[in-house]
Amino acid sequence: MTTPRIIPPGSTIGILGGGQLGRMTALAAARLGYRCLVYAPDNHAIAGDVAAGHVRGAYDDTDTLGRFARQVDVITYEFENVPEAAVAACLEHKPVRPGVKPIHVAQHRLREKQFFAALGIGTADYQPVRSEAELAAATALPGILKTCREGYDGKGQARVHDRTSLAAAWQALGRDCILEALVDFQCEISAIVARGVDGATRCFPIGLNDHRDGILRTTTVPAGLPADALATAERFGLALARGLDLVGLVALEMFVTRNGTVLANEMAPRPHNSGHWTIDACATSQFEQLVRAICGLPLGSVDITAPSRMENLIGSEADDWPRYLADPSARLHLYGKGSARPGRKMGHVTFVQPAGPGRSPTT
Ligand code: AMP
């Protein structure tokens with residue numbers, strides 16, 4: 001298979017996964033003249049609602065994956081838990097960007113931590129807990145016990161204070177875990193880095209993130225942190241994108257400790273919730289940047305166009321949509337999901353600081 005260097009507007013992008021990240025990618029792609037075809041096992045995929053089509057298939061159905069791949073020009077994924085075998089099946093037909101390596105690393109917390117260390121990216125102290133012997137040897141208390149696989153939005157993890165709660169959590173979470181020392185952080189931040197086919201990189205301005213119950217609630221940009229912490233965060237993000245040999249986007253979530261040290265928490269090789277502000281307050285959105293990167297186009301400017309704060313609308317919070325529509329500083333995004341279950345991300349709103357006097361049109 002030879003891959004053309006540039007996949008021009010008019011081509012078709014395949015997206016593995018049918019959620020809101022795929023939906024916003026498809027919207028950005030459409031603006032640049034691309035079609036998107038979504039692959040997801042669900043009967044209804046909200047990304048499919050705004051794309052040229054939705055191929056319904058399981059991630060282990062290599063025949064249907066092959067049929068999907070033959071209909072598109074390049075493939076990306078919108079979630080990091082897509083099985084490696086599904087990506088490999090697609091790769092037999094078309095380029096998949098960012099490819100297998102980023103999900104191989106991101107799908108296992110221990111592997112991810114070791115990868116960070118090899119790149120000089122600092123993390124919290126941690127210990128693998130995969131056996132009775134490692135459980136007995138674990139000392140990072142108080143800490144957070146995390147499953148190595150398939151944890152997200154605070155799921156698959158438990159705060160543990162002593163040996164008794166550690167042993168109970170280990171039994172409950174399954175045995176492939178790591179114990180992380182609790183970080184006494186002043187704040188959480190993220191870097192989102194794009195890397196193109198030619199190796200060019202761009203890091204979006206660092207976002208300041210507020211989580212509650214393990215779920216992102218708000219992202220504020222500019223982050224308002226000292227320049228050295230921002231520079232370290234950007235350096236870590238760029239090192240990660242290069243280390244993964246990535247073509248696409250990668251998000252790196254980090255802690256800033258009370259003494260200003262930056263520690264990586266986890267990565268996601270895809271658009272990230274903490275980058276949604278870029279749709280309304282950056283020269284190029286993270287979704288457009290992903291399209292540019294995987295299609296071999298020049299990366300766009302990451303200049304902030306206005307200070308902003310993104311708020312997730314979780315569960316019934318999305319019912320407040322009339323209030324946001326009435327607020328001239330609010331940019332409302334609803335994902336078209338049917339039922340507002342507790343904890344479900346239904347949309348987001350970005351509050352954009354209005355242009356100052358004399359800058360806004362008067363007619
Ligand atoms: P994660 O699923 O690893 O992204 O964790 C979800 C959230 O839990 C993070 O955004 C933090 O707010 C918190 N958290 C995770 N790991 C730690 C840690 N080692 N120390 C303190 N808080 C943590």
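**Strands, surface and charged pairs**

A: Strand E16, residues 330-334, contains Leu-334; helices (H or I, at least four residues) and strands (E, at least two) are DSSP runs numbered from the N terminus. The model is predicted, so local features need pLDDT of at least 70 and side-chain atom pairs count only at pLDDT 80 or more, whereas totals for chains, interfaces and linings use all residues. Residues are numbered from 1 along each chain as its sequence is written, and side-chain values use heavy atoms, with hydrogens and water left out.

Leu-334 has a relative accessible area of 37% and is therefore partly exposed; buried means under 20%, exposed over 50%, and partly exposed in between, with a 1.4 Å probe and protein chains only. Together with Trp-321 and Leu-325, Leu-334 makes up a nonpolar surface patch of about 310 Å² of accessible area. Patches consist of residues with over 30% relative accessible area and no salt bridge, with nonpolar side chains (Val, Leu, Ile, Met, Phe, Trp, Tyr) joined within 5 Å and like charges within 9 Å. The areas come from the Shrake-Rupley method with a 1.4 Å probe, and for residues only the protein chains shown count as cover.

Attention now turns to strand E1. Strand E1, residues 12-16, is mostly covered, with five of its five residues buried. On one side these are Thr-12, Gly-14 and Leu-16, and on the other Ile-13 and Ile-15. Strand E1 pairs in the parallel sense with strand E2 (residues 35-40) over five bridges; two strands pair if DSSP finds at least two bridges between them. In this pairing, Leu-16 stands opposite Tyr-39 of E2. Between E1 and E2 the chain passes through helix H1 (residues 20-31), and this β-α-β crossover is right-handed: with the strands pointing away from the viewer, the path from the first strand over the helix to the second runs clockwise.

Strand E1 also runs parallel to strand E4 (residues 74-77), to which four bridges join it. Here Gly-14 stands opposite Ile-75, and Leu-16 opposite Tyr-77. The open sheet comprises four strands in the order E3-E2-E1-E4, with parallel pairing. Strand E3 (53-56) and E4 stand at the edges with a single partner strand each, so one side of each has no neighbour in the sheet. From one strand to the next, the twist averages 25°; axes are lines fitted to C-alpha atoms, for helices over the stretch in contact, and angles run from 0 to 180 degrees between N-to-C directions.

Charged pairs complete the account. The whole structure holds 14 salt bridges, each a side-chain nitrogen of Lys or Arg within 4 Å of a carboxyl oxygen of Asp or Glu. Glu-180 and Lys-113 form one, at 2.9 Å from N to O. This pair links distant parts of the chain, 67 residues apart, with Glu-180 in strand E8 (residues 177-181) and Lys-113 in helix H5. Both Glu-180 and Lys-113 are buried.

In helix H10 (residues 286-294), Arg-292 and Glu-288 are separated by about one helical turn because they lie four residues apart. Their closest N and O atoms are 2.9 Å apart in a salt bridge, and both residues are buried. Arg-31 joins Glu-288 and Arg-292 in a network of salt bridges.
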